[in-house]
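Student: Before we look, can you walk me through how the labels for a model like this get assigned? I'd like each one set against its rule.

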Amino acid sequence: MKICSFLPSGTEILFALGLGDSVCGVTFECDYPAEARSKPVVVYSKLPPGLREKEIDTKVKGFSQCGESLYRLDAEKLREIQPDVIVTQDLCHVCAASPNDLGAILYSLARPPQVIALTPHRVGDVLQDIQTVGDACERSQEAAQLVSHLKKRISEVKNELRDPPRVLCLEWLDPPFVGGHWVPEMVALAGGIDVLGKRGEPGYEVDWPTITAADPDIILAAPCGFHRKEIEHELAVVPFSQAWFELRAVRNGNVFAMEASGQFSRPAPRIVEGIAEMAELFGHFRHEKKKTVASAVAPALSDRRVRQ
(Lines give C-alpha, C1' and ligand atoms only; values in the text may rest on other atoms or scores of the structure.)
Protein backbone atom coordinates (compact mmCIF):
# COMPACT_ATOMS: atom_id res chain seq x y z
CA MET A 1 0.00 0.00 0.00
CA LYS A 2 1.29 3.44 -0.99
CA ILE A 3 0.05 6.33 1.15
CA CYS A 4 0.46 10.09 0.78
CA SER A 5 -0.22 12.40 3.71
CA PHE A 6 -1.31 15.98 3.09
CA LEU A 7 -1.04 17.04 6.72
CA PRO A 8 1.53 16.62 9.51
CA SER A 9 -0.99 15.11 11.94
CA GLY A 10 -1.89 12.48 9.34
CA THR A 11 1.79 11.64 8.94
CA GLU A 12 2.19 11.25 12.72
CA ILE A 13 -0.84 8.96 12.89
CA LEU A 14 0.43 6.79 10.02
CA PHE A 15 3.84 6.34 11.64
CA ALA A 16 2.25 5.66 15.04
CA LEU A 17 0.30 2.82 13.41
CA GLY A 18 3.47 1.26 12.01
CA LEU A 19 2.82 2.44 8.45
CA GLY A 20 6.02 4.43 7.99
CA ASP A 21 7.27 2.16 5.22
CA SER A 22 4.02 2.71 3.31
CA VAL A 23 4.22 6.51 3.48
CA CYS A 24 5.41 7.63 0.04
CA GLY A 25 4.63 11.35 0.15
CA VAL A 26 4.34 14.02 2.85
CA THR A 27 4.12 17.80 3.26
CA PHE A 28 6.90 20.33 3.70
CA GLU A 29 5.90 20.57 7.39
CA CYS A 30 6.02 16.87 8.24
CA ASP A 31 8.86 16.69 10.76
CA TYR A 32 7.71 14.03 13.21
CA PRO A 33 8.86 11.39 13.64
CA ALA A 34 12.32 12.15 12.29
CA GLU A 35 11.93 9.50 9.57
CA ALA A 36 9.17 11.60 8.00
CA ARG A 37 11.78 14.14 6.90
CA SER A 38 13.26 11.56 4.51
CA LYS A 39 10.00 11.06 2.61
CA PRO A 40 9.29 12.76 -0.77
CA VAL A 41 7.48 16.09 -0.36
CA VAL A 42 4.29 16.39 -2.40
CA VAL A 43 2.70 19.42 -0.69
CA TYR A 44 4.36 22.85 -0.53
CA SER A 45 3.35 26.20 0.95
CA LYS A 46 2.91 29.22 -1.30
CA LEU A 47 4.00 31.52 1.53
CA PRO A 48 7.59 32.78 1.33
CA PRO A 49 9.87 31.71 4.19
CA GLY A 50 10.97 34.00 7.01
CA LEU A 51 7.75 35.99 7.42
CA ARG A 52 6.76 37.45 10.79
CA GLU A 53 3.42 36.50 12.32
CA LYS A 54 1.72 39.73 11.24
CA GLU A 55 2.99 39.25 7.69
CA ILE A 56 1.78 35.65 7.62
CA ASP A 57 -1.65 36.75 8.83
CA THR A 58 -1.85 39.40 6.10
CA LYS A 59 -0.81 36.92 3.39
CA VAL A 60 -3.26 34.28 4.60
CA LYS A 61 -6.15 36.75 4.63
CA GLY A 62 -5.18 37.85 1.11
CA PHE A 63 -5.23 34.27 -0.20
CA SER A 64 -8.58 33.70 1.50
CA GLN A 65 -10.16 36.81 0.01
CA CYS A 66 -9.08 35.68 -3.46
CA GLY A 67 -10.38 32.17 -2.87
CA GLU A 68 -6.89 30.81 -3.53
CA SER A 69 -5.28 27.87 -1.74
CA LEU A 70 -2.18 28.37 0.39
CA TYR A 71 -0.75 25.09 -0.87
CA ARG A 72 0.78 23.73 -4.05
CA LEU A 73 0.61 20.03 -4.85
CA ASP A 74 3.35 18.37 -6.87
CA ALA A 75 1.13 16.74 -9.48
CA GLU A 76 4.01 15.10 -11.32
CA LYS A 77 5.34 13.47 -8.18
CA LEU A 78 1.86 12.26 -7.22
CA ARG A 79 1.47 10.68 -10.66
CA GLU A 80 4.82 8.93 -10.17
CA ILE A 81 3.78 7.60 -6.76
CA GLN A 82 0.25 6.59 -7.78
CA PRO A 83 -0.94 6.46 -4.16
CA ASP A 84 -3.54 3.97 -3.02
CA VAL A 85 -4.58 6.23 -0.12
CA ILE A 86 -4.37 9.99 0.46
CA VAL A 87 -4.86 11.32 4.00
CA THR A 88 -6.02 14.92 4.03
CA GLN A 89 -8.31 17.16 6.10
CA ASP A 90 -11.39 19.32 5.67
CA LEU A 91 -11.11 21.27 8.91
CA CYS A 92 -8.91 24.31 8.28
CA HIS A 93 -7.79 25.35 4.80
CA VAL A 94 -5.09 27.52 6.40
CA CYS A 95 -3.46 24.68 8.34
CA ALA A 96 -3.13 22.05 5.62
CA ALA A 97 -4.10 21.03 2.11
CA SER A 98 -7.73 19.97 1.72
CA PRO A 99 -9.69 17.74 -0.71
CA ASN A 100 -10.38 20.87 -2.76
CA ASP A 101 -6.66 21.19 -3.48
CA LEU A 102 -6.66 17.81 -5.18
CA GLY A 103 -9.05 18.96 -7.88
CA ALA A 104 -8.15 17.77 -11.35
CA ILE A 105 -5.04 15.97 -10.08
CA LEU A 106 -7.19 13.06 -8.93
CA TYR A 107 -8.46 12.52 -12.46
CA SER A 108 -4.93 12.47 -13.86
CA LEU A 109 -3.98 9.45 -11.76
CA ALA A 110 -4.12 6.03 -13.39
CA ARG A 111 -6.43 4.78 -10.64
CA PRO A 112 -8.35 6.93 -8.15
CA PRO A 113 -6.93 6.66 -4.61
CA GLN A 114 -9.03 6.38 -1.50
CA VAL A 115 -9.19 9.88 0.03
CA ILE A 116 -9.52 10.02 3.82
CA ALA A 117 -10.57 13.52 4.90
CA LEU A 118 -10.18 14.05 8.65
CA THR A 119 -12.32 16.70 10.39
CA PRO A 120 -11.71 16.58 14.15
CA HIS A 121 -13.33 19.15 16.45
CA ARG A 122 -12.95 17.52 19.88
CA VAL A 123 -10.43 15.26 21.61
CA GLY A 124 -12.70 12.29 20.99
CA ASP A 125 -12.72 13.10 17.27
CA VAL A 126 -8.91 13.01 17.22
CA LEU A 127 -8.98 9.54 18.73
CA GLN A 128 -11.68 8.44 16.27
CA ASP A 129 -9.58 9.72 13.36
CA ILE A 130 -6.76 7.42 14.46
CA GLN A 131 -9.17 4.50 14.20
CA THR A 132 -10.48 5.75 10.85
CA VAL A 133 -6.98 5.85 9.39
CA GLY A 134 -6.20 2.43 10.84
CA ASP A 135 -9.36 0.91 9.37
CA ALA A 136 -8.64 2.37 5.93
CA CYS A 137 -4.99 1.24 5.95
CA GLU A 138 -5.39 -2.31 7.28
CA ARG A 139 -4.23 -1.44 10.79
CA SER A 140 -7.52 -1.65 12.69
CA GLN A 141 -6.12 -3.63 15.61
CA GLU A 142 -3.08 -1.39 16.00
CA ALA A 143 -5.33 1.67 15.91
CA ALA A 144 -7.63 0.25 18.57
CA GLN A 145 -4.66 -0.50 20.82
CA LEU A 146 -3.24 3.00 20.35
CA VAL A 147 -6.59 4.65 21.06
CA SER A 148 -7.01 2.52 24.20
CA HIS A 149 -3.53 3.53 25.38
CA LEU A 150 -4.24 7.23 24.77
CA LYS A 151 -7.55 7.09 26.63
CA LYS A 152 -5.81 5.42 29.57
CA ARG A 153 -3.09 8.09 29.53
CA ILE A 154 -5.73 10.87 29.52
CA SER A 155 -7.47 9.30 32.53
CA GLU A 156 -4.12 9.13 34.36
CA VAL A 157 -3.21 12.80 33.85
CA LYS A 158 -6.70 14.27 34.10
CA ASN A 159 -6.85 16.99 36.75
CA GLU A 160 -9.84 18.05 38.84
CA LEU A 161 -8.57 21.07 40.74
CA ARG A 162 -10.70 22.61 43.46
CA ASP A 163 -9.63 26.10 42.40
CA PRO A 164 -8.91 25.75 38.65
CA PRO A 165 -6.74 28.43 37.01
CA ARG A 166 -8.28 30.67 34.36
CA VAL A 167 -6.32 30.06 31.17
CA LEU A 168 -5.95 31.93 27.89
CA CYS A 169 -4.67 29.85 24.98
CA LEU A 170 -3.35 31.86 22.05
CA GLU A 171 -2.98 30.01 18.75
CA TRP A 172 -1.55 33.18 17.19
CA LEU A 173 0.11 36.19 18.79
CA ASP A 174 0.11 38.97 16.18
CA PRO A 175 -2.79 39.55 15.83
CA PRO A 176 -4.04 37.52 18.78
CA PHE A 177 -6.19 34.46 18.01
CA VAL A 178 -7.83 32.27 20.64
CA GLY A 179 -7.23 28.52 20.35
CA GLY A 180 -10.26 26.46 19.38
CA HIS A 181 -11.56 23.00 18.46
CA TRP A 182 -9.94 20.42 20.79
CA VAL A 183 -7.73 22.90 22.70
CA PRO A 184 -10.36 24.21 25.19
CA GLU A 185 -11.24 20.60 26.01
CA MET A 186 -7.54 19.83 26.55
CA VAL A 187 -7.41 22.72 29.04
CA ALA A 188 -10.46 21.36 30.87
CA LEU A 189 -9.02 17.84 31.04
CA ALA A 190 -5.82 19.32 32.50
CA GLY A 191 -7.82 21.05 35.25
CA GLY A 192 -8.08 24.59 33.89
CA ILE A 193 -10.82 26.91 32.65
CA ASP A 194 -10.35 28.27 29.14
CA VAL A 195 -11.54 31.87 29.47
CA LEU A 196 -12.18 32.56 25.77
CA GLY A 197 -11.89 29.31 23.81
CA LYS A 198 -15.05 27.49 22.75
CA ARG A 199 -15.02 23.70 22.82
CA GLY A 200 -15.43 22.13 19.41
CA GLU A 201 -15.49 25.48 17.62
CA PRO A 202 -12.77 27.13 15.50
CA GLY A 203 -10.26 29.54 17.00
CA TYR A 204 -10.92 33.18 16.30
CA GLU A 205 -9.27 36.59 16.25
CA VAL A 206 -9.79 38.55 19.44
CA ASP A 207 -9.21 42.18 20.43
CA TRP A 208 -7.22 43.41 23.39
CA PRO A 209 -10.20 44.78 25.39
CA THR A 210 -11.72 41.28 25.30
CA ILE A 211 -8.46 39.73 26.48
CA THR A 212 -8.14 42.33 29.23
CA ALA A 213 -11.69 41.67 30.41
CA ALA A 214 -11.01 37.91 30.53
CA ASP A 215 -8.14 38.55 32.99
CA PRO A 216 -6.49 35.08 32.82
CA ASP A 217 -4.28 33.64 35.54
CA ILE A 218 -2.14 31.88 32.93
CA ILE A 219 -1.40 32.53 29.25
CA LEU A 220 -0.34 29.61 27.08
CA ALA A 221 1.37 30.78 23.89
CA ALA A 222 0.90 28.14 21.19
CA PRO A 223 0.97 29.71 17.71
CA CYS A 224 -0.14 27.16 15.14
CA GLY A 225 2.78 25.34 13.53
CA PHE A 226 5.47 26.75 15.86
CA HIS A 227 7.81 24.77 18.09
CA ARG A 228 8.58 25.85 21.67
CA LYS A 229 11.92 27.55 20.96
CA GLU A 230 10.36 29.46 18.08
CA ILE A 231 7.52 30.61 20.32
CA GLU A 232 9.94 31.81 22.98
CA HIS A 233 11.56 33.92 20.28
CA GLU A 234 8.18 35.21 19.07
CA LEU A 235 7.21 36.27 22.58
CA ALA A 236 10.39 38.34 22.72
CA VAL A 237 9.97 40.09 19.37
CA VAL A 238 6.21 40.49 18.76
CA PRO A 239 5.24 44.19 19.16
CA PHE A 240 2.51 43.59 21.72
CA SER A 241 -0.04 46.23 22.65
CA GLN A 242 0.49 47.97 25.98
CA ALA A 243 -2.58 46.03 27.11
CA TRP A 244 -0.47 42.85 26.98
CA PHE A 245 2.00 44.11 29.55
CA GLU A 246 -0.84 45.18 31.85
CA LEU A 247 -2.35 41.70 31.96
CA ARG A 248 -2.12 40.05 35.38
CA ALA A 249 -0.66 36.86 33.89
CA VAL A 250 2.10 38.83 32.16
CA ARG A 251 2.89 40.94 35.21
CA ASN A 252 3.08 37.83 37.38
CA GLY A 253 5.30 35.98 34.94
CA ASN A 254 2.70 33.33 34.13
CA VAL A 255 3.19 33.23 30.36
CA PHE A 256 4.33 29.87 29.01
CA ALA A 257 5.60 28.89 25.57
CA MET A 258 4.13 25.50 24.68
CA GLU A 259 5.17 22.90 22.11
CA ALA A 260 2.36 24.02 19.80
CA SER A 261 3.30 22.09 16.70
CA GLY A 262 3.72 18.79 18.49
CA GLN A 263 1.14 18.93 21.27
CA PHE A 264 -1.60 21.43 20.38
CA SER A 265 -2.14 22.45 16.76
CA ARG A 266 -1.73 18.96 15.25
CA PRO A 267 -4.66 16.64 16.06
CA ALA A 268 -2.51 13.56 16.53
CA PRO A 269 -1.49 11.26 19.44
CA ARG A 270 0.84 13.82 21.01
CA ILE A 271 -2.03 16.09 22.10
CA VAL A 272 -2.22 13.74 25.09
CA GLU A 273 1.27 14.86 26.08
CA GLY A 274 -0.01 18.43 25.77
CA ILE A 275 -2.76 17.62 28.27
CA ALA A 276 -0.18 16.02 30.58
CA GLU A 277 2.11 19.06 30.46
CA MET A 278 -0.75 21.45 31.17
CA ALA A 279 -1.96 19.27 34.05
CA GLU A 280 1.48 19.41 35.63
CA LEU A 281 1.77 23.14 35.04
CA PHE A 282 -1.69 23.92 36.45
CA GLY A 283 -1.04 21.76 39.50
CA HIS A 284 2.24 23.54 40.24
CA PHE A 285 0.56 26.90 39.68
CA ARG A 286 -2.14 26.19 42.27
CA HIS A 287 0.41 24.99 44.82
CA GLU A 288 2.64 27.98 44.19
CA LYS A 289 -0.26 30.39 44.54
CA LYS A 290 -1.09 28.89 47.92
CA LYS A 291 2.61 29.12 48.86
CA THR A 292 2.69 25.45 49.80
CA VAL A 293 4.86 24.33 46.91
CA ALA A 294 7.92 22.32 47.91
CA SER A 295 11.32 23.77 47.09
CA ALA A 296 12.01 20.86 44.75
CA VAL A 297 8.85 21.58 42.78
CA ALA A 298 9.11 25.35 42.50
CA PRO A 299 11.79 25.33 39.76
CA ALA A 300 9.64 23.04 37.62
CA LEU A 301 7.19 25.89 37.13
CA SER A 302 9.79 28.66 37.13
CA ASP A 303 11.85 27.05 34.38
CA ARG A 304 8.89 27.01 32.02
CA ARG A 305 8.09 30.70 32.39
CA VAL A 306 8.87 33.06 29.53
CA ARG A 307 10.70 36.18 30.66
CA GLN A 308 9.04 39.36 29.44
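Tutor: Start with pairing: two strands pair if DSSP finds at least two bridges between them. Helices (H or I, at least four residues) and strands (E, at least two) are DSSP runs, numbered from the N terminus. This is a predicted model, where local features need pLDDT of at least 70, side-chain atom pairs count only at pLDDT 80 or more, and totals for chains, interfaces and linings use all residues. Residues are numbered from 1 along each chain as its sequence is written, and side-chain values use heavy atoms, with hydrogens and water left out.

Student: What makes β3 and β4 a pair, and in which sense do they run?

Tutor: DSSP asks for at least two bridges, and β3 (residues 41-45) and β4 have three, in the antiparallel sense. Within β4, Leu73 is the bridge partner of Val43.

Student: And how do you know that β2 and β3 pair?

Tutor: β2 (residues 23-27) and β3 share two bridges, in the parallel sense, and two is enough under the "at least two" rule. Here Val26 stands opposite Val41 in β3.

Student: Why is β4 called an edge strand?

Tutor: The open sheet has six strands in the order β4-β3-β2-β1-β5-β6, with mixed pairing. β4 (71-73) pairs on one side only, and so does β6 (114-118), so both are edge strands by the pairing rule.

Student: What makes Glu277 buried or exposed?

Tutor: Buried means under 20% relative accessible area, exposed over 50%, partly exposed in between (1.4 Å probe, protein chains only). Glu277 comes out at 12%, so it's buried. Glu277 sits in helix α14.

Student: How do you know that Glu277 and Arg228 make a polar contact?

Tutor: The rule wants a pair of N or O atoms within 3.5 Å; within protein, one must be able to donate a hydrogen and the other to accept it, and residues adjacent in sequence count only if both atoms are side-chain atoms. The side chains of Glu277 and Arg228 are joined at 3.0 Å, so that qualifies.

Student: What makes something a nonpolar core?

Tutor: It's a set of buried Ala, Val, Leu, Ile, Met, Phe, Trp, Tyr and Cys residues joined through side-chain atoms within 4.5 Å. The largest one here has 95 residues, with Ile130, Trp244 and Phe282 among those with the most contacts inside it. Helix α14 (residues 271-289) gives the largest share, nine residues.

Student: Which residues does Ile130 touch, leaving aside neighbours within four places in sequence?

Tutor: Contact means heavy atoms within 4.5 Å, and the partners of Ile130 include Ile13, Leu17, Leu146 and Pro269.
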